[in-house]
2 protein chains.
Amino acid sequence: MNVLEELARRAKMVDASLMEYLEVGKYEKLRKAVRHYPEAGGKRLRPSMAYTVAEAVGRNGKDALPFGCALELIHNFTLVHDDVMDQDATRRGRPTVHTLYGMPTAIIAGDALFAIAYKVLATTPVDGERLRRLLASLSDTVYLVAEGQQMDIDFESRDDVTVEEYMEMVEKKTAVLFACAAEGGAIIGGGTEDQIQDMYEYARLSGIGFQIWDDVLGLIANEKVLGKPVGSDIRNGKRTLIAVHAFEELGRRGAREHAEVLRAFGNEKATDAEVRKVIALFQELGSIQHGKDVALDYAARAKEKLCCLPPSKEKDFLREVVDFSVGREK
Amino acid sequence: MNVLEELARRAKMVDASLMEYLEVGKYEKLRKAVRHYPEAGGKRLRPSMAYTVAEAVGRNGKDALPFGCALELIHNFTLVHDDVMDQDATRRGRPTVHTLYGMPTAIIAGDALFAIAYKVLATTPVDGERLRRLLASLSDTVYLVAEGQQMDIDFESRDDVTVEEYMEMVEKKTAVLFACAAEGGAIIGGGTEDQIQDMYEYARLSGIGFQIWDDVLGLIANEKVLGKPVGSDIRNGKRTLIAVHAFEELGRRGAREHAEVLRAFGNEKATDAEVRKVIALFQELGSIQHGKDVALDYAARAKEKLCCLPPSKEKDFLREVVDFSVGREK
């Protein structure tokens, strides 16, 4: 199975529905701001997750597309607001919404995407009581995402973030939306209660593993693979699991002798050589290996949860997508 | 009937539910930011509307409280984001959320209130298909509110806003949330399809009337009644229906001879005497009377929609609350 081809096939199917859902509103400026991120494309991982899980538990995956698209719209709304909060000028090489339309319109466009997401949810072809469950789950999830965003922001001004706090932040900011997608797919697909819970766990665990592996790649992959400058996490002083682990280790062992090297952490003007020294120090402290170990452990536990599914191509895909995301070194 | 007492009685009942719904989340900073506006109190007009309409069509109004509270939370989320967009430092004499907690937390807190609103909606004690209808209606409404906010922002930098555009903005930014409250109350209360539609129209029309009358009061009431400096709409250059009408009239009649007087419009440093001259000009142009006439017309049309209800105390209250809001001169 070619995971990339399978992902692309699903993304194409999702795109058709997604752009149709965005055919709302008559006020042109807001319409454009709302569509700016969704129409830029993307891997559509959340809708694909909902679709694949619904198929895997036995039902037509298309029934899960409205729910999946709702999650994609929620994801896009968080990106729009994140970019305002971080005052980022570009996203994937394109101007951010607030750069194009101004801060107020970006805030409103995010809110509008949020509203459209729930409108799309209402079209899910399930009975009313299952719809109620999806509504509650999605809303709980968005609240958790908000908590994760708040933690992430608060971490920027703290140098005492613990591994436990970091893991909680990653779970909330990233993993719960994937978990909600898989859970929803199982509910819509008519899965058993055990399958619903296992699918939630599968996606939560693989979402955490995926994010940590992404941080590992940020230090060990090359620029072409990453699509961003290597070591940008070092220059930005980003508190990844690896950095948090390294600072905890240094706290135990004494950081004084490394003060010179660590000056490059959070220094946007650090040279490539200085950045490499920080990465070497993290390597020496065992922090990069720790990051790899933790990510691979989450991936393994995620795959175990798939035992609740009968054999199928979709089950294979759900397994392979974890191996594809966590473990590759380029 | 004492309308104020009746409103206060309903607000008290709403408050108990509302604060319970806000007992969510374990991240303290976000919890506090989320609760900042709701716990400041307020008239709770939207939940009271849903409650009263549900009673008026024959069902226990308490069934409509979750839906009403969801609308109140949506209303509060728009206030939090509005204050960020307008960069207002205070609301009703208290610091705004972004003043206390910073812009990023205010954006997140607004989003969190939005999520909680939908979580509360899921607890509405109606069958799943009626829940689906409420979900779709609420989401459509929030999108319209976003359009209204966008229009309001865009109007600030335009001096050619037409009466039609102004009316559309007021309807979307203010009236549709009331309309959604009344419609939802009728759905939850088991009203007929005619009652559901008439209640929507009742609240939409009275919401527009209320907003226009509020603009009239901003020019003719005294400071104590308003709770804000008289003429602040003049100094802020606010494009109320009255101002829009006046500028349309001046466009027809020729504004040149009034250029001196109009310099105070949108001039924050204008003296009281200069502001009074603008108000006198608006009076002379018939714009204030026009505002009164339009508001009273909407109020009258709103009350006609009540004919679909059987006689009851609640019906009387719905009538009197319109007269109380639209028509008083102090």
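Two residues are taken to be in contact if their C-beta atoms, placed from the backbone, lie within 7 Å. On this criterion, A:Pro104, A:Ile107 and A:Asp111 of helix H6(A) meet B:His81, B:Val84 and B:Met85 of helix H4(B) in the predicted model described here. This contact between H6(A) and H4(B) comprises 4 nonpolar residues, 1 polar residue and 1 charged residue. The crossing of H6(A) and H4(B) is right-handed.

In total, 39 residues of chain B are in contact with 39 residues of chain A. On the side of chain B that touches chain A, two or more residues are given by each of H2, H4 (65-86), H6 and H7 (128-156) of chain B. Among these elements, H7(B) gives the most, with 17 residues. By class, this side of chain B has 23 nonpolar, 7 polar and 9 charged residues.

The arrangement of the two chains was described by superposition. Chain B is superposed on chain A by a rotation of 180° with 0.0 Å of shift along the rotation axis, and the RMSD is 0.0 Å. That is the relation of a two-fold axis. Of the residues of chain B, B:Gly128 comes closest to the rotation axis, its C-alpha atom lying at 1.7 Å. Of the interface residues of chain B, 100% are also interface residues in chain A, so the copies meet through the same surface.

Helix packing within each chain was then considered. In chain B, helix H2 (residues 28-35) packs on helix H6 (residues 103-121) at an angle of about 75°, and the two axes are 9 Å apart. H2(B) and H6(B) are therefore roughly perpendicular to each other. From H2(B), the contact involves B:Lys29, B:Leu30, B:Ala33 and B:Val34, which meet B:Thr105, B:Ala106, B:Ile108, B:Ala109, B:Ala112 and B:Leu113 of H6(B). The residues of this contact divide into 8 nonpolar, 1 polar and 1 charged.

In chain A, helix H4 (residues 65-86) and helix H7 (residues 128-155) pack with their axes 12 Å apart and at an angle of about 20°. H4(A) and H7(A) are therefore roughly parallel to each other. H4(A) passes H7(A) in a right-handed crossing. The residues of H4(A) in this contact are A:Phe67, A:Ala70, A:Ile74, A:Thr78, A:Asp82 and A:Met85. Those of H7(A) are A:Leu134, A:Leu138, A:Val142, A:Val145, A:Gln149 and A:Ile153. By class, the contact of H4(A) with H7(A) has 9 nonpolar, 2 polar and 1 charged residues.

At the level of domains, the assignment for chain A gives domain 1 (1-191) and domain 2 (194-309). The centres of domain 1 and domain 2 of chain A, taken over C-alpha atoms, are separated by 24 Å. The contact between these domains takes 23 residues from domain 1 of chain A and 16 residues from domain 2 of chain A. On the side of domain 1 that touches domain 2, helix H3 (45-56) and helix H8 (163-188) of chain A each supply at least two residues. The largest share of this side, 15 residues, comes from H8(A). The residues on this side of domain 1 of chain A divide into 17 nonpolar, 4 polar and 2 charged.

Methods: Residues numbered from 1 in each chain as written. Chains lettered and ligands numbered in written order. Predicted model: local features only at pLDDT ≥ 70, side-chain atom pairs only at ≥ 80, totals over all residues. Domains from an automatic or database assignment. Helix = DSSP H or I, 4+ residues; strand = E, 2+ residues; numbered from the N terminus. Nonpolar A, V, L, I, M, F, W, Y, C, P; charged D, E, K, R; others polar. Axes fitted to C-alpha atoms, helices over the stretch in contact; angles between N-to-C directions. Parallel < 35°, antiparallel > 145°, perpendicular 65-115°, else oblique. Left-handed = near helix turned anticlockwise from the far one by under 90°. Least-squares fit on C-alpha atoms with pLDDT ≥ 70 in both.
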